Amino acid sequence: MIRRLLPVLVFIALAALLVAGLFNAPYKEIIPSPLVGKPLPQFRLPVLNQPERTAASTELEGPYLLNIWGSWCPGCRVEHPLIEHIAQNGPVPVYGFNYKDEPADAARWLERYGDPYVFSFTDLPGKVAIDLGVYGAPETFVVDRRGIVRYKQIGPLSETDWRVKVKPLLERLNLEGQQ
Amino acid sequence: MKHLIACLCFIWAFGAAAIEPLDFRDEAEADRNRALSAELRCLVCQNQNLLDSDAFLAKDLRREVLELMRRGLSDDEIKAYLVERYGTFVLYRPPVKPATWLLWFGPALFVAAGLWLVGRAIRRRQPASGPLPPAADDGMNNDD
């Protein structure tokens, strides 16, 4: 009896595996960043809308958010209202990292949708972005007081991500700072 | 899905750019860059390697590989540099380590299990059909 059922059971198990894979596939695209738990690589880049100025990553005081964005990126517009909300009310400052974008396009985009950032680094060639392990936009890094990356969001930050993951983490990091 | 759309956009927008070569000094350098790019995954279009992909990140990474080559890094050092930033996922050929044993040796395991099952089935069947009874002359063999 069991021998006759065995092929059927194997088939059902295999089918279940494939169905599970099908529904999990969208999450598999997200590659965990090996940078989490390590210091943010240091860099110095020009600042958007301030042609004379360059800024170094070491000048930023954590905890802060570093939001990778580009005017060419539809996901960035999706998360933009939330990023603005965080910048205005959030517990930490938000810095921008303008990725593979013409500065003129980037400036126009901010003018049109609002500029939530303290300032934005500009990386037109995308070289520093490779150092940061960026592979698209938007991405958002949470960096703590000691310059360690504590979390990386890949893709648009959703209301839920913010409420459940990022905001509690930032509040904890702020407390760490006071001790 | 959104990556698929992004890929399709890139194919459209960067179709021409893919032909645009990097500025290689000689054939050996070009060959080495191509060989390395074939082993590294494009993180935008994840089922393509850097050589196949037209995404702009793939192009940037090919250029990065070239620069690292010129800095005198070995192939393994270049791969390690990218793994540090993008994780082992960037390698098209995953390294053999406990976490990937099933991936590497799983297929052999399946073949072994299959052979064992087939062998068992054959052994079971043999005694049943055991010594064949002499074929009865059905009168059809008229070849003498």
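Predicted model: local features only at pLDDT ≥ 70, side-chain atom pairs only at ≥ 80, totals over all residues.
In which loop of chain A does Lys100(A) lie? Lys100(A) is found in the loop between β4 (94-99) and α3 (103-113) of chain A.

**Contact between the chains**

- Chain A contributes 11 residues to the contact and chain B contributes 14 residues.
- On the side of chain A that touches chain B, five residues are nonpolar, three are polar and three are charged.

**Chain B: overall make-up**

- Read from the N terminus, the order of elements in chain B is α-α-α-α-α.
- Chain B has 144 residues, of which 19% count as buried.
- Among the contacts in chain B with a separation of 6 or more, 48% come from residues 24 or more positions apart.

**Chain B: packing of α2 and α3**

- Helix α2 (residues 27-38) of chain B packs against helix α3 (residues 56-70) of chain B at an angle of about 125°, and their axes are 10 Å apart.
- Because of this angle, α2(B) is oblique to α3(B).
- The crossing in which α2(B) passes α3(B) is right-handed.
- From α2(B), the contact draws on Glu29(B), Arg32(B), Asn33(B), Leu36(B) and Ser37(B); from α3(B), it draws on Arg62(B), Val65(B), Leu66(B) and Met69(B).
- By class, the residues of this contact of α2(B) with α3(B) comprise four nonpolar, two polar and three charged.

- Asn49(A), which belongs to the loop between β1 and β2 of chain A, is a residue other than glycine with a positive phi.
- Asn49(A) counts as partly exposed because it has 16 C-beta neighbours inside 10 Å, where a buried residue would need 20 or more.

- Strand β6 (residues 139-143) of chain A pairs with strand β7 (residues 149-154) of chain A in the antiparallel sense, over five bridges.
- Thr140(A) has Gln153(A) as its bridge partner in β7(A).
- The hairpin of β6(A) and β7(A) has five residues between the strands, and in it Gly147(A) adopts a positive phi near 80°.

**Chain A: cis peptide bonds**

- Gly62(A) and Pro63(A) are linked by a cis peptide bond with omega near -5°.
- Pro63(A) is located in the loop between β2 and β3 (64-69) of chain A.
- The peptide bond joining Ala137(A) and Pro138(A) is also cis, with omega about 0°.
- Pro138(A) is located in the loop between α4 (127-131) and β6 of chain A.

**Chain A: Lys100**

- Lys100(A) has phi near 50°, which is a positive value in a residue other than glycine.
- Is Lys100(A) buried or exposed? Lys100(A) counts as buried because 21 C-beta neighbours lie inside 10 Å, and the cut-off for burial is 20 or more.

Methods. Residues numbered from 1 in each chain as written. Chains lettered and ligands numbered in written order. Contact = placed C-beta atoms within 7 Å. Nonpolar A, V, L, I, M, F, W, Y, C, P; charged D, E, K, R; others polar. Helix = DSSP H or I, 4+ residues; strand = E, 2+ residues; numbered from the N terminus. Buried ≥ 20, exposed ≤ 12 C-beta atoms within 10 Å, placed from the backbone. Axes fitted to C-alpha atoms, helices over the stretch in contact; angles between N-to-C directions. Parallel < 35°, antiparallel > 145°, perpendicular 65-115°, else oblique. Left-handed = near helix turned anticlockwise from the far one by under 90°. Pairing = 2+ DSSP bridges.
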